[in-house]
Amino acid sequence: MDAKKSAQIKGGAAAKSREFYGVTVPPITVFANQGAAARRRDLGSMRSKGGSSAWRPILTGEIANRARRAVEGIAAAIQKQAGPPIAGTRAARKRLFRDSSLAGGTAGLAVFYGYLSRAVSSNDHKKTALRHLQEAGDAVESVVMNPSLYGGFTGVAWATAHLQRRLQPDEEISTEAIDEALRDHVNRPRWRGDYDLINGLVGFGVYALERLPSPAAVACLEGVIDRLEETSRSRAGGLTWHSSPNLLPEHQRKECPHGYYNLGLGHGVPGVIALLGAAWAAGVGRRKARRLLDEAVGWLLRQRLTKSPGALFPAWIAPGLKREGSRSAWCYGDPGVAAALLCAAQCVGEPAWEREALEIARGAANRPPDQAGVVDAGLCHGAAGLGHLFNRMYQATGDATLARAARFWFDRTLAMREPGRDVGGFSALAAKGDGTRFRQDDPGLLTGASGIALALLAATTSIEPAWDRMLLVSVGPQAAG
């Protein structure tokens, strides 16, 4: 792509900054050619952050062929739903702004088609990825968005930064203004918002990690660590973080009217642990990050259920609430806890934590499937998510038990597919604010078909799925042996 064709995320005739949820959000340039010096700087960053050639496909033979057909079916179904490019028309704007998020919208679709284009060497898929990315960016300027990583403008900026190194390595991204906006946002004392990965501080930290070594990104990550220290609570065994009732959905607020301590990777303490480990490895706020990390791991491991026949960790805990093991998933449950702890352990070089993580992961791998609570295939709480978590941990450790579990859950994922229905044969189970569940067509990354496809791509190719940094489960794969 030359300078004249560089896609700029602009929704109107003149790009303007806007303020959403107290954050001044500037327009984003997706790819802007800024000269040889900028390109050399970015290429150096790409080499330092790139995936490892040690990643190996875990599926082979007929099951790998089934997985590839499923990915092809998902890609075709999403393309059919989206329709042909109709940029600039009223219909286009109405369609594009329905959801631009990383978790469920066009930013997430851009990530899927970006990785698909690399897996099958398709320029058409690359163009589709860039189109979805531009559509997501248009919404940053034109639609009120919260600042979260998964549902807001931070996720669009993360996708932009992440894909640039893979789709357009000769051109420089321009999200510095977002870096600065988030830096200012998280460096305000007396934080009253969410601390978690999906909605809060940890998610901002994930974006900052993707943008290192930008000075504003460093300051943003330092601010996140400061706010995590500020909001932590000292409890028996270490430090933890409390979720206030005003931040909970209605059905959880009824169950825990005074709030709770969340033990899920998506919304709770394991996400903090993985982020602090990654920050320490990146050399940002090391002394403070390590102190918080040691205390948080100590607290988390003390929450393990000692008399549970199944899962070891509850979804959340609160005074007077009966402690019961959670389902097996990325968002909640032992697999997510194990993946976060393993990530932190390998980041800081703590063999004791790694042994704990492997024990938890092996227990989750051996859990009877009918006790896992898996009812659909998505990344967040479905079969493909479990397959990917076990695959990621297997690649990092070489543990045969985790490899078997990964293959099992990928086979279960493919068994859920009904070709000709829904999105490439997959539907998703969603929940209303009151906890009521329902099935829906979902092309999105976190709970829908594109996330399933990304997990299947990781299982059948040698391309390391660096996209799962957004899930805070990325750990380096073990060298082939």
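**Pockets, core and loops**

Me: Which helix and strands each supply at least two residues of the lining of the largest pocket?
Reply: This is a predicted model, where local features need pLDDT of at least 70, side-chain atom pairs count only at pLDDT 80 or more, and totals for chains, interfaces and linings use all residues. Residues are numbered from 1 along each chain as its sequence is written, and side-chain values use heavy atoms, with hydrogens and water left out. Helices (H or I, at least four residues) and strands (E, at least two) are DSSP runs, numbered from the N terminus. The elements are helix 10 (250-255), strand 9 (428-431) and strand 10 (437-440).

Me: Which lining residues are the closest to the centre of the largest pocket?
Reply: A pocket, on a 1 Å grid over the protein atoms alone, is an open set of points with protein on both sides within 12 Å along at least five of seven lines; a cavity is a set where a 1.4 Å probe fits but cannot get out; lining residues have an atom within 4 Å of a point. Grid points are joined across faces, edges and corners, and a volume is the space filled by probe spheres set on the points. The largest pocket holds about 1,500 Å³. Of its 48 lining residues, the closest to the centre are Gln252, His267, Arg327, Tyr332 and Ala431.

Me: How many charged residues are in the lining of the largest pocket?
Reply: Ala, Val, Leu, Ile, Met, Phe, Trp, Tyr, Cys and Pro count as nonpolar, Asp, Glu, Lys and Arg as charged, and the others, Gly among them, as polar. The lining has 20 nonpolar and 17 polar residues. The charged ones number 11.

Me: Is Lys432 buried, partly exposed or exposed?
Reply: Lys432 sits in the loop between strand 9 and strand 10. Buried means under 20% relative accessible area, exposed over 50%, partly exposed in between (1.4 Å probe, protein chains only). Lys432 has 49%, so the class is partly exposed.

Me: What about Asp399: buried or exposed?
Reply: Asp399 lies in the loop between helix 15 (383-397) and helix 16 (400-415). Contact means heavy atoms within 4.5 Å; leaving out residues up to four places away in sequence, Asp399 touches Leu358, Arg362 and Tyr394. Its relative accessibility is 11%, so Asp399 is buried.

Me: Which helix gives the most to the lining of the largest cavity?
Reply: That cavity has a volume of about 50 Å³. Its lining includes Tyr115, Leu454 and Trp467, and divides into eight nonpolar, one polar and no charged residues. Helix 4 (106-120) and helix 17 (449-460) each supply at least two. The most, three residues, come from helix 17.

Me: Which residues does Phe112 contact, leaving aside neighbours within four places in sequence?
Reply: A nonpolar core is a set of buried Ala, Val, Leu, Ile, Met, Phe, Trp, Tyr and Cys residues joined through side-chain atoms within 4.5 Å. In the largest one, of 148 residues, Phe112 is among those touching the most other members. Its contacts are Val71, Ile74, Ala75, Ile78, Ser450, Ala453, Leu454 and Leu457.

Me: Which residue in the turn between strand 5 and strand 6 has a positive phi?
Reply: Two strands pair if DSSP finds at least two bridges between them. Four bridges join strand 5 (residues 232-235) to strand 6 (residues 238-241), running antiparallel. The two form a hairpin with two residues between them. At about 95°, the positive phi belongs to Gly237.
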